[in-house]
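I opened this notebook to record what I looked up in one structure. The entries follow the order in which I worked.

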Amino acid sequence: MKYLLWGLVLYLGWRWVTASRKTVSSDAADGQSARSGADAQAAEKMVQCARCGIHLPVSEAVSGNDAQLFCCEAHRNAA
Ligand SMILES: [Zn+2]
């Protein structure tokens, strides 16, 4: 009975250690991905729509004739 109790204590201790370790590592991974996402957004080049003049990330811009960039298809067609 004494050994069974010790086994239970060790088992619960091991569960507690692995659970807390898992939480810490997942928190670190979340923080890292959030930081790298913010860095990518900050580093992204901003361009101006040739039609309405709004600023938008280059990845969301629509390119038209003469290497002009627009905020949407409608403004590209209107230009
Ligand atoms: Zn526009």
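In what order do the elements of the chain run from the N terminus on? I read the order as α-β-β-β-β-α. I noted two helices and four strands in the chain. Helices (H or I, at least four residues) and strands (E, at least two) are DSSP runs, numbered from the N terminus.

Before going further, I recorded that this is a predicted model, in which local features need pLDDT of at least 70, side-chain atom pairs count only at pLDDT 80 or more, and totals for chains, interfaces and linings use all residues. Residues are numbered from 1 along each chain as its sequence is written.

I then looked up burial. A residue is buried if 20 or more other C-beta atoms lie within 10 Å of its own, exposed if 12 or fewer, and partly exposed in between, with C-beta atoms placed from the backbone. I found that 4% of the 79 residues of the chain count as buried.

Next I turned to contacts, meaning two residues whose C-beta atoms, placed from the backbone, lie within 7 Å. Among the contacts in the chain with a separation of 6 or more, 11% are between residues 24 or more positions apart.

My last entry concerns the loop between strand E3 (62-63) and strand E4 (69-70), where Asp66 lies. Asp66 is not a glycine, yet I noted a positive phi of about 60 degrees for Asp66. Asp66 is exposed, as 7 other C-beta atoms lie within 10 Å. Ala67 is also found in the loop between E3 and E4. Ala67, not a glycine either, has a positive phi of about 60 degrees. Ala67 counts as exposed because it has 7 C-beta neighbours inside 10 Å.
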